[in-house]
Amino acid sequence: MMTLSVRVATAIAVAALIGALTTARVSSQNRPLLSDQVFKNVQALKGIPVDEFLGTMGIMAASLQFDCSDCHVNAGTANVDWAADTPRKIMARRMVNMVTAINQTNFGGRQLVTCWTCHRNRDKPLTTPTLATIYGMPTVEPDDVITQFPGADPPEAVLDRFIQASGGAQRLASLTSISARGTAVGFGGLGGDGSVELIARAPDKRATIILFKAETNRGDQIRTYDGATGWVRTPLNVVGEFQLIGSDLDGARVDAQLSFPGQIKSIFTNLKSGPPTTITDLPAPTSQSSLVQGSIGNQSHVVDVVQGTGPRGLLVTMYFDQQTGLLLRELRFGLSPIGRVPTQIDFADYRDVNGIKLPFRITYAWLDGRDAIVLNDVRTNVPVDEAKFGRPAPLTTR
Ligand code: HEC
Ligand code: HEC
């Protein structure tokens with residue numbers, strides 16, 4: 001049986017393994033490359049953006065509770081050979097084709113069966129219902145896709161409450177930029193305290209620049225979106241730096257747009273509200289300093305749930321605190337050939353900045369890692385360096 005702590009431990013292992021890679025294997029070009037142009041031995045997942053390809057690796061690892069080294073030779077060491085086929089990798093490739101075939105044959109090509117459908121955190125899926133599960137406490141696992149819940153407030157009403165709670169439409173309309181500084185830690189405290197610069201310009205530019213201290217040997221974690229293009233730099237990852245062209249690009253745009261709550265009603269189409277529910281902060285190891293400072297962590301909140309659709313089928317679920325009306329969680333689902341790739345951004349510790357409520361804690365979690373950010377200096381309507389929204393500046397030695 002899988003317990004939460006086992007899952008957390010695995011997530012740390014994945015993050016640590018990625019963290020151990022110090023050389024980027026592929027230098028990025030000026031134009032975005034597809035999976036089979038960047039990697040050497042791609043047979044099942046050809047012709048997809050690198051961001052989506054890495055998303056599929058995240059899904060595989062997360063679904064089987066594996067880390068990269070369970071399928072890849074020497075992953076986590078300098079001698080990693082990603083391209084080499086191992087028995088598990090061959091099996092996984094066969095399973096990619098199997099899943100596609102199942103969905104094609106039975107569900108009109110809709111991605112209803114994924115690795116997670118069968119594997120659920122295990123290498124070998126369970127075959128038989130256990131009586132302990134049948135008579136035990138049910139675990140609540142919401143569907144990805146929300147249908148309008150009859151008793152729930154209409155989505156527009158929930159969004160209006162958020163606008164009101166954030167400072168009101170008029171004040172929000174005058175918000176043109178945000179410039180913030182603070183500190184961040186990677187999952188499990190990896191990287192120690194890095195310095196964070198977070199800037200945004202209305203309507204849709206945002207950059208999060210985390211510079212980890214030189215002695216941690218961890219490098220930078222940078223995410224940018226300039227209104228048209230997006231970049232991620234994770235130098236301790238396989239590809240180091242890559243341009244977003246898959247659904248992560250649409251996700252980055254939504255992240256940027258949500259920085260300016262006044263426009264929230266026009267960002268999405270097909271708005272629906274689900275049944276109100278309770279959400280809890282992601283479990284965190286105590287080494288995650290941003291969660292130990294102060295009182296936040298493992299709190300539960302009763303929330304209104306609104307889901308909207310972005311470009312190219314991007315699904316975004318937003319959770320609004322029923323007490324304060326403020327946005328506590330953005331859960332967005334990117335696309336990949338083997339299923340949806342979740343990214344979850346939690347917002348907490350809202351404080352008043354010139355009449356507008358802005359979050360001072362942000363936890364950005366994806367399948368392969370997590371950054372916990374604590375801001376201590378947030379300013380609005382100050383000049384921001386536009387160049388920082390584009391491709392990250394070259395690495396500098398600090
Ligand atoms: C369950 C097995 C499995 C796990 C776990 C896994 N991968 Fe893979 N990986 C594959 C398969 C299968 C391919 C080949 C895909 C294809 O043929 O289209 C692949 C290919 C790759 C490639 C391309 C190598 C090349 O040059 O051809 C990279 C890079 C990669 N994986 C990185 C990762 C990372 C990083 C992780 C951990 C987050 C990871 N993988 C976890 C199965 C796995
Ligand atoms: C319809 C159910 C189902 C789905 C969906 C599924 N698998 Fe499997 N998978 C199995 C079963 C059953 C086994 C065990 C086979 C055995 O024990 O001989 C297995 C075994 C594996 C193994 C070998 C694990 C080991 O023992 O080392 C890998 C790797 C794997 N699956 C990867 C994947 C990936 C990646 C996906 C999604 C692309 C996926 N599977 C989707 C049913 C499924």
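## Strands E9 and E10

Leu 315 has Phe 333 of strand E10 as its bridge partner in this predicted model. The pairing of strand E9 (residues 315-321) with E10 is antiparallel and extends over six bridges. Together, E9 and E10 make a hairpin in which five residues lie between the strands. Within that turn, Gly 325 adopts a positive phi of about 85 degrees.

Strand E10 (residues 327-334) is largely enclosed by the rest of the structure, because seven of its eight residues are buried.

## Strands E10 and E11

E10 is also joined by six bridges to strand E11 (residues 341-353), and these two strands run antiparallel. Across this pairing, Arg 329 stands opposite Asp 346 in E11. The hairpin of E10 and E11 has six residues between its strands, and Gly 339 in this hairpin takes a positive phi near 130 degrees.

## Surroundings of ligand 1

Ligand 1 is surrounded by 26 residues, of which Phe 39, Asn 41, Leu 45, Cys 68 and Cys 71 are the closest. By residue class, the shell consists of 16 nonpolar, four polar and six charged residues.

Two helices, H3 (50-64) and H4 (87-107), each contribute at least two residues to the shell around ligand 1. Helix H3 gives the most, with five residues.

## Ala 157 in helix H7

Ala 157 belongs to helix H7, which covers residues 155-166. Ala 157 counts as partly exposed because it has 13 C-beta neighbours inside 10 Å; the class lies between exposed, at 12 or fewer, and buried, at 20 or more. The C-alpha atoms of Ala 157 and Ser 273 are 9.9 Å apart in space, although 116 residues separate the two in sequence.

Note on methods
Residues numbered from 1 in each chain as written. Chains lettered and ligands numbered in written order. Predicted model: local features only at pLDDT ≥ 70, side-chain atom pairs only at ≥ 80, totals over all residues. Near = placed C-beta within 6 Å. Helix = DSSP H or I, 4+ residues; strand = E, 2+ residues; numbered from the N terminus. Nonpolar A, V, L, I, M, F, W, Y, C, P; charged D, E, K, R; others polar. Pairing = 2+ DSSP bridges.
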